[in-house]
Amino acid sequence: MSFVGVLTGGGDCPGLNAAIRAIVRGSVSRGYEVVGILHGWQGLVEGETLPLDRRAVAGILPRGGTILGTSSYDPFREESGVAAILETSRKLGLDGVVAIGGEGTLGVAHRLHAEHGYPVVGVPKTIDNDLGGTDVTIGFDTAVHVCTEALDRLHTTAESHNRVMVVEVMGRNTGWIAAAAGIAGGADVILVPEVPSTIEDVCDHVRHRHDDGKDFSIVVVAEGYQLTRRSGEQEGPVVQEVDEYGYARLGGIGRVVADEIERLTGFETRVTVLGHVQRGGTPTARDRFLATRLGLRAAELAAAGAWGRMAAVRGNEISDCSLEEATLRRRSVPPGWIEASRVVA
Ligand code: F6P
C-alpha cells in the first residue's frame, strides 16, 4: 500500500476539484491511499490534512474553488520552511505528493525535487495559461468563457450609448485571456503585454470606426499591459501591492487606458474590471474534461514513481514533461493571435 498526498497551491480556479477527484480515484483504483493537504505547501509545514477516499470526492466535479483550500506559501522564503516540509512528509508517511499549481506552486515542487529529491509530480492549473511544457492549463477555458460572455453583454450597452468600453481582464504578465476572449468576443482592440500596441494606434482605430459609422468600440486590456506611446515611452503595468509571498498584485491599467482614449479622442469611455469573477464558479465542460485527464495522468505518474514530472497537454494528447520545463520559461501569446484579431476586427 502506498500513500499519496494531494495539494492545491496559488490562486484558485475552476477545475481544481475535478482534478482532485481524478487523482483520488485514479490512485484508489490502484490500491493507494490518498490524503488531502490543506492550504497548499503551508499544509505540509503544519501537517494539516484531510483523508480522501472515493466517497470524499463525490459530487465535487462541477464545483469551483478547491475543497483543500489554497495559499501561495513558499517554503524557500522561510527560514526553516523546507526542513519542516521534509519532516512533516516523513512523519505523515507520504510516499509522494501530487501538487496542482501554477508557476509558484510548481516552482516550489521543482526545487524540492531537484534540490532535495522530494517525490512530487505536478498538475498544471492557472487561468493565466502561462506555464511551460503544456499547451493549456486547467481554469483557462472557464476564464475565457466568463470574459467572452461579459464582452457580449458589454457590446449591446456600448452600442446603445455610443461608448468606448475598456474591459480589463486578468492574466498577470501574459495576455492569453485577453487574446482568446477578445477574439471570441469580437473585441475591436486587444492590448496584451507581449505586443506593445501604442495608445495612439488604438485611438486611430477607434476614430476610424466612428468615421465608418460604428460609434462604439470594445477594447480588451490585459492587466499586465504597459501603456505604450508612439514616442516609445511606457507606463505600467499598474501594481496595486506586493503580497506577503512577494507576488505583485496587478490591476488598474484599464482606467489608465480609458482615460487616455477619452482624452485623445473625446469619445465617452467607460471601464469594466472583471476581476475574480473570472476565477469563480463552475468549470466549463472542457475544463472538467481536461482536469480529469490530467489528474488521471498525475495518478499514473505517481504510481510509476515518475517524480519531478508534470502531467501536460500536447495537441490533443495528454503527456508529461519535467517540472523544470514547466517552470523555466513563461509561455507567451503568439503574436499571430493579435495579428488575427486585427484582421477580423
Ligand atoms: O494567477 C491567477 C491570477 O488570477 C492572476 O491572473 C491575477 O493577477 C492574480 O491571480 C490575482 O491574485 P489574487 O487573487 O491574489 O489577487
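Predicted model: local features only at pLDDT ≥ 70, side-chain atom pairs only at ≥ 80, totals over all residues.
The protein chain is divided into domain 1, which covers 3–139 together with 283–328, and domain 2, which covers 141–279. The contact between them draws on 20 residues from domain 1 and 15 residues from domain 2, while the centres of the two domains, taken over C-alpha atoms, are separated by 33 Å.

Between them, domain 1 and domain 2 bury about 1,500 Å², and 53% of this area lies on carbon and sulfur atoms. On the domain 1 side, the residues that lose the most area to domain 2 are Ser72, Ile127 and Asp128, which together account for 33% of what that side buries.

## The parallel sheet

Four strands form an open sheet in the order S7-S8-S6-S13, and their pairing is parallel. Strand S7 (189–191) and strand S13 (269–273) are the edge strands, each of them pairing on one side only, and from one strand to the next the twist averages 20°.

Strand S6 (residues 164–169) and strand S8 (residues 217–222) run parallel and are joined by 6 bridges; within this pairing, Val164 stands opposite Ser217 in S8. Helix H7 (residues 199–211) packs on the sheet, where it touches S6, S7 and S8, and its direction makes about 165° with that of S7.

## Helix H5

Helix H5 (residues 140–161) consists of 22 residues and reaches 31 Å from its first C-alpha to its last, which is close to the 32 Å expected at 1.5 Å a residue. Just after H5, Asn162 takes a positive phi of about 50°.

Several residues along H5 are buried, among them Phe140, Val144, Cys147, Leu151, Leu154, His155 and Ala158. The buried residues of H5 pack against strands S6, S8 and S13, and also against helix H6 (176–184) and helix H9 (285–303). Two of these strands, S6 and S8, are also touched by helix H7.

Strand S14 (residues 309–314) pairs with strand S15 (residues 317–322) in the antiparallel sense, over 6 bridges. Arg314 has Glu317, in S15, as its bridge partner.

The two strands, S14 and S15, form a hairpin with 2 residues between them, and in this turn Gly315 has a positive phi of about 60°.

Technical notes: Residues numbered from 1 in each chain as written. Heavy atoms only, no water. Pairing = 2+ DSSP bridges. Axes fitted to C-alpha atoms, helices over the stretch in contact; angles between N-to-C directions. Contact = heavy atoms within 4.5 Å. Expected span 1.5 Å × (residues − 1). Buried < 20%, exposed > 50% of the residue type's maximum accessible area, 1.4 Å probe, protein only. Domains from an automatic or database assignment. Buried area = accessible area lost by both parts, 1.4 Å probe.
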